[in-house]
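Here is a short tour of a few helices and strands. Have the sequence and the picture ready, and follow along.

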Amino acid sequence: MSANYWTSSQRNKWQFSRQELRDARSSVIKLEVQLYGNESTMKYDINMRIYLHQLIIKLGRKLNLRQIILSTAEVYLTRFFVKVSIREINIYLLVTTCIYLACKMEESPQHIRTILSEARNCWPEFIPNDLTKLAEFEFYLIEELDCYMVVHHPYNSILEVVNVLRDGDMASRLEVSPEELQTCWSIMNDSYITDLHLLFPPHIIATGTLYLTLVLGADVRKSINNIPKTQNQRIEAFVNFLAASNIDLDEVIETIQELLTLYDAWNSYDEMYIKNGLHQMLLNMNK
Amino acid sequence: MENYRQYPYASAGQPMRVASTDFFTIGPYRRRRDQARVSVVQKYEILGYIAAGTYGKVYKARGKTKELGNGLYAIKKFKTDSKDNEVTHYTGISQSAIREMSLCKELEHRNISKLIEIILERKCIYMVFEFAEHDLLQIIHYHSQPDHKQIPEQTLKSAMYQILEGLSFLHQNWVLHRDLKPANIMVTNDGVVKIGDLGLARKFSNPLQSLYSGDKVVVTIWYRAPELLLGARHYTPAIDLWAVGCILAELLSLRPLFKGEETKMDNKKQVPFQENQVIKILEILGTPTLEKWPSLNSYPEYPHLSKISTFPSNLKAWYQSNGGSNKNCLRLLASLLEYDPAKRIDALESLDHKWFQESPKPAENIFANSPFKYPQRKIQKDDNDILGGTSQTYYNGKRAFGPYDDPRKRR
C-alpha cells in the first residue's frame, strides 16, 4: 500500500534475493551477447553505477531538486537495469527521464521543456533537442517498472530509530547528534548506488547506515581504512538496542558490508575511464 | 559522425558538438519491447464505450484470454498524445495520470475499484478495471422517476457503510480522494460498492509542496467542503467526509444537497470566491459562527463570507421535509456536514456510528432484500475502435473541467 512498506509494491514486486538478482543480471548479459556479440567494454558494475549516480546529482543540482526526488529517480534507474542492458539505451536520456518521472511522483512536477533544456546544458552531445524523445522514454520506463512508482525510502525510518534510541532504557539509550544524523543522511544518499534498495527494507538500510556512522564518525569515506578497534559505550548501547529489536541482524550486516565495498571501490573510481568508454559506445550506436 | 552538428556558439575556441535530433535514444530497446508486448485488443474484445471526457474515454470490454475468463472490464483510455496532421506525438504523461496509475497499483480493497492491469501501447495508456454495472448517480436517477419512490433504507445504509470502509482504507494509506460524488461511486452487479476515479487522488503524507499549490481546482463544486470554498491552503481527509455527507443527503432526497452555480475563473487567473455555492450551504446549515468554528476568520475568503446575510440552521427541517425520520441517520449527516474540519467526524469513527449498529444492519450486498432492479449501464456502440479512438468525441465529453485537464493549455 502507499503508506505502508510491508504491503507495498516495493516489497511485493520489486524486492529480490541475491540469487534472483544474479539470475536477472545474467539474463541481461545473455541478451547483450545476443545483440552485440561478446566484445563488451562497458559493464554495469560499481564504477558505472557511481558514474550514473553523479549524473543524477548533476542534473538534480541544476534543477534545484530535493534529495528525495533524486533518490526516487535512482531507484527507477536501478530497477530499469535489472531488466535492460546499458547498451540498449542512451543512459544520459534515461537519467533525465528517471528524474522527470520522479518529480511528478514526488509532487514537484517540472515542465518537460525545463528538464530537457537543463539536461542539454549538462550533456549537449548526448541529449537530442526533441522533447518527444524524452516523453517516449517515459512511456517505456513506466512500462518496464510495470507501473509501480511509489518508492519507500530510509529517510523516515532513521528518524524513527533515532527517537527509539533517545527514549530507550539505560542499556540502549543513545543520543544521536544532528551532525551524526547528517552523516547518516549522506551515507543513505550514497546507498542508492548499490543494490541495497532492491534487497532490503528501508529500516534495514537506515540501521546499517547509523551503525557505520557511529563506528566511523563523520568522515566515513576517509576512515574506512582504519576502523577503530575499540568499542565505545555508544556503540555498545546501539548493539544492545539491535539485540533487543526485531531487526534482522544478518541483513544489517550485509548492508554494512555492501556500503564498505562501495566506499572501497569509490577510492579507485576513475571517472574519465567510464566517461570515455560511454562516449565511444554511444558514438558507435549512432553509426 | 553525421549525428552531430557543429554548435555555432561554441565558447572556448573549440567547436562544441551537439546531439542532433536523430541521436540514438532507445532504438534497440524499443524494438525488443514492442515485439514482446501483447496488444490491448488481443486481450480484450471492445463492446462499446461508457463515457467520454477531456481525460479520454472509458470502454466496456470482455476478456479474451484464459486468465481474464469471460469477465467484463472497464478500460479507461487516457488521451496522452497531441495530434497535428494526423501524426501523434508523445508529450509527457500528465501528473494526474501518473497519480492514478501509481496509486491504483498500490491500493487494493474490496470497496475500491479494482485495477486489473495497465497497458502502455502506441502512445496511449489503457487502465483496465473490473467492470461495475451501476453507480450511485444512475441509482439516484432511477429513483427520481415519479413511480419509483425512495431508495430502500438498507440499500442506502449499506452503500454508505461501504463508501466509508473504502474511504477509511484510503485515508489509512494517506490518500485523499478529492473528487467523491455519486457518479464516482460504482456498484457491481453483486451490490458491492467500488470507489472509482482516483484521477484527483493524491498522497498527503509528507508532501514536498503545500497541497494547495499543485492544482488549484479540485472536487466538483457541489461536493466541495466549506474550508476549500473559504480558500484553505492545506487539504485534510475531512474534505472527503464532507463530500460523503453530501452523498448521503443526495441518496435521501434524490437531489444534490447544495446545487450551487460555479463562478468561472476570470481573466486574471485568480481563483474566484464561490459565493453562490456558499449561500446554498448557509441556507441549509445556517451561517457558521466563530464560536462553533474557531479558525473561521483565518481563512482567506472570510471577508467575503462575513458580507453575506446570516441564515439560521435548517438541517433538521430539511431532513424531515425529505421524509427522514431516523434520528441517528440525521446525527451522522450532521457530523459529516460539520463546518469545522477539525471537528468533522472521520471515516473510521463514522463506521462505528450508532446508525450502522441499529436494524437494518449494513449488508455485504447493498441490493439485499431490495425489490428494485436497476437497468444496465448504457453503452455507445458507435465506437469500439479503442486503438484509433477518433479525437472528436474527447472534446464533446460532459466531464467538462475545461482547460484544467488539458495539459497543453496549462503551460
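Which residues of H3(A) meet which residues of H14(A)? On the H3(A) side they are A:Ile46, A:Asn47, A:Ile50, A:His53 and A:Gln54, and on the H14(A) side A:Leu262, A:Ala265 and A:Trp266. Contact here means heavy atoms within 4.5 Å. By class, this contact has five nonpolar, three polar and no charged residues. (Ala, Val, Leu, Ile, Met, Phe, Trp, Tyr, Cys and Pro count as nonpolar, Asp, Glu, Lys and Arg as charged, and the others, Gly among them, as polar.)

Before going further, a word on the ground rules. This is a predicted model, in which local features need pLDDT of at least 70 and side-chain atom pairs count only at pLDDT 80 or more, while totals for chains, interfaces and linings use all residues. Residues are numbered from 1 along each chain as its sequence is written, chains are lettered from A in the order in which they are written, and side-chain values use heavy atoms, with hydrogens and water left out. Helices (H or I, at least four residues) and strands (E, at least two) are DSSP runs, numbered from the N terminus.

Back to our pair: H3 covers residues 46–62 of chain A and H14 covers 249–267 of chain A. Their axes, lines fitted to C-alpha atoms over the stretch in contact, come within 10 Å and cross at roughly 85 degrees. The two helices are therefore roughly perpendicular to each other, a label used for angles of 65 to 115 degrees.

Also in chain A, H9 (residues 178–191) has 14 residues and reaches 20 Å from its first C-alpha to its last, close to the 20 Å expected at 1.5 Å a residue.

Now over to chain B and its strands. Two strands pair if DSSP finds at least two bridges between them.

| Strands | Bridges | Direction |
|---|---|---|
| S3(B) and S4(B) | eight bridges | antiparallel |
| S4(B) and S5(B) | seven bridges | antiparallel |
| S12(B) and S13(B) | three bridges | antiparallel |

S4(B), residues 56–63, is mostly covered, with seven of its eight residues buried. Its B:Tyr59 is the bridge partner of B:Tyr49, and B:Val58 stands opposite B:Lys76 in S5(B).

Elsewhere in chain B, three strands form an open antiparallel sheet in the order S10-S12-S13. S10(B) and S13(B) are the edge strands, each pairing on one side only. B:Ile185 stands opposite B:Ile195 in S13(B).

Definitions and conventions: The expected span of a helix is 1.5 Å times one less than its number of residues. Axes are lines fitted to C-alpha atoms, for helices over the stretch in contact, and angles run from 0 to 180 degrees between N-to-C directions. Angles under 35 degrees count as roughly parallel, over 145 as roughly antiparallel, 65 to 115 as roughly perpendicular and the rest as oblique. Buried means under 20% relative accessible area, exposed over 50%, partly exposed in between (1.4 Å probe, protein chains only).
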